[in-house]
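Good morning, and thank you for coming. Please look at the sequence and the structure as they come up, and keep them in view while I speak.

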Amino acid sequence: MPAGGRRGTATIPSSSPVPRPSAPFATRGQDPMFEYFPKNYVWNLSVDIAIESGAQIGEIDEMCRPLRDAAARGEDTGTGEFLKHWVAMADKLVDLAAEDEARGRNFSAGTKLQRASLYYTTAERMQGHGHPGRADTYAKAQDSFRRAMALGKENAERIEIPYQGGVIAGLYTRAPGPGPKPVVVYVNGLDSCKELLYWSRLPEALLRRGISTLCIDQPGSGEALRLHNLPATHKSEEWASKVVDWLETQGDVDAKRIGIAGISLGGYYTPRAVAFEPRFALGVVWGANHNWAEVQHKRLAREGENPVPHYWAHVSWVFGAKDMNDFFAKAEGMTLNGVVERIRVPFLVTHGQSDRQISLDYAHQTYDQLVNSPKRELKIFTPREGGIEHVGVDNMSYGRDYIADWIAETFGGNVG
């Protein structure tokens with residue numbers, strides 16, 4: 001790989017000096033995100049994630065148009081109205097899918113049910129813990145997704161791995177063909193779920209390159225938190241090792257080529273897992289999260305932007321904390337200082353130049369400390385290409401393709 005990228009890119013392989021940003025947050029100029037709601041980053045983030053996950057723009061407008069006044073009142077207020085309108089659209093799609101199914105048009109039904117599940121999921125994650133209707137909405141999202149996978153004959157097999165009295169649920173996309181295949185464990189962020197991981201289309205990109213993917217709801221996310229009360233832990237190797245154990249029982253898995261990739265807060269969980277679980281053959285982060293404990297103190301001081309409404313109640317729920325002091329005590333271990341030096345396998349760090357949630361400097365910190373990785377790389381997405389916001393929510397295609405190519409090249413797969 002050349003020592004530098006083309007004009008307007010930032011690709012730093014291990015042999016190159018690492019330029020530092022002049023400030024914690026790069027100057028963005030005109031905001032690249034699609035902003036339906038003026039001055040409401042949290043709501044716009046949810047809308048943009050939905051669009052990147054397969055929403056239809058006409059349906060987005062129909063759901064969001066009645067919410068403009070509510071959005072102007074702030075990030076936390078009005079989320080009940082958000083739930084109402086997004087659920088109404090999802091309910092309509094479920095009804096339309098039933099009409100397709102009655103006529104034997106299962107593929108069309110499955111497509112509508114995927115969007116219904118996406119809208120339920122988006123509405124649910126915007127609500128505070130214990131909000132009326134949240135549990136029912138999550139159940140609808142799960143039911144719609146499972147039916148969509150079956151009717152659409154999607155390559156997304158549901159699996160369950162027993163863990164601490166509950167289960168780690170996953171979606172397994174198996175690469176076809178004879179012989180064992182490499183596989184990537186794909187890990188959630190703070191408030192995502194395995195369905196959103198699937199809709200990011202990284203499993204699809206890896207599939208084209210001959211690589212299987214296992215999207216999981218690890219403790220603190222998705223089903224693990226909502227249905228099994230499994231809170232997050234800074235010791236991600238504890239649950240990651242159980243996932244590797246399961247993969248090693250699968251006849252179609254090449255146990256020497258098991259990797260792990262994480263998005264957003266997965267940018268912390270993934271390096272930690274690779275550092276302490278030697279069976280991982282590579283690691284990738286889509287958005288670095290080198291010192292999440294420090295980020296929380298900055299957020300408390302109102303620096304940076306939050307990913308969800310009702311933020312402090314949400315993170316306390318995720319970590320099983322009884323109050324703010326307990327949360328900060330549990331989050332104190334969420335730092336990679338003194339951890340990534342243990343990594344001795346190839347590792348890719350990607351980050352958006354204008355990430356408003358997690359400073360670009362954290363990507364440099366992770367990269368700088370990967371001193372024992374035989375193949376380390378830092379890819380910073382710039383305005384020339386896109387994907388410069390948090391986990392590329394302004395355009396996820398660049399991160400998806402770059403990560404899939406890097407994994408395939410590292411595992412000896414096909415890049416076309």
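Which domains does the domain assignment of the chain give? It gives domain 1 (37-154) and domain 2 (155-307 + 314-415), with bounds that come from an automatic or database domain assignment. This is a predicted model, in which local features need pLDDT of at least 70 and side-chain atom pairs count only at pLDDT 80 or more, while totals for chains, interfaces and linings use all residues. Residues are numbered from 1 along each chain as its sequence is written, and side-chain values use heavy atoms, with hydrogens and water left out.

Taken over C-alpha atoms, the centres of domain 1 and domain 2 are separated by 24 Å. Their contact, meaning heavy atoms within 4.5 Å, takes 22 residues from domain 1 and 29 residues from domain 2.

Let me turn to one residue. Leu45 has its place in helix H1; helices (H or I, at least four residues) and strands (E, at least two) are DSSP runs, numbered from the N terminus. With a relative accessible area of 4%, Leu45 is buried; buried means under 20% relative accessible area, exposed over 50%, and partly exposed in between, with a 1.4 Å probe and protein chains only. Leaving aside neighbours within four places in sequence, Leu45 is in contact with Met33, Pro307, Gln357 and Val393.

Next, the aromatic residues. How many aromatic pairs does the structure hold? It holds 19. Rings of Phe, Tyr and Trp (its six-membered ring) pair if their centres lie within 6.5 Å; planes under 30 degrees apart count as stacked, over 60 as edge-to-face and the rest as tilted. The rings of Trp43 and Phe82 have centres 5.3 Å apart and planes at 80°, so this pair is edge-to-face. Because Trp43 lies in helix H1 (residues 41-52) and Phe82 in helix H4 (residues 79-102), the pair ties together parts that are 39 residues apart in sequence. Both Trp43 and Phe82 are buried.

Another pair is formed by Trp239 and Tyr269: their ring centres are 6.0 Å apart and their planes stand at 70°, so this pair is also edge-to-face. It links distant parts of the chain, with Trp239 in helix H10 (residues 237-247) and Tyr269 in helix H11 (residues 266-276), 30 residues apart. Trp239 is buried at a relative accessible area of 0%, and Tyr269 counts as buried at 2%.

One aromatic cluster is formed by Phe34, Tyr36, Phe37, Trp43, Phe82, Trp86 and Tyr119.

Why is strand E4 (residues 181-187) described as largely enclosed by the rest of the structure? The reason is that seven of its seven residues are buried. In a regular strand the side chains alternate between the two faces of the sheet. From E4, Lys181, Val183, Val185 and Val187 point one way, and Pro182, Val184 and Tyr186 the other way.

Two strands pair if DSSP finds at least two bridges between them. Six bridges join E4 to strand E6 (residues 253-263), and the two run parallel; here Val183 stands opposite Ile258. Four bridges join E4 to strand E5 (residues 212-216), again parallel, and Leu214 in E5 is the bridge partner of Val185.

Finally, helix H16 (residues 396-411). Its 16 residues reach 22 Å from the first C-alpha to the last, close to the 22 Å expected; the expected span is 1.5 Å times one less than the number of residues. Among the buried residues of H16 are Met396, Arg400, Trp406 and Phe411. The helix is followed by Gly412, whose phi is positive, near 75°.
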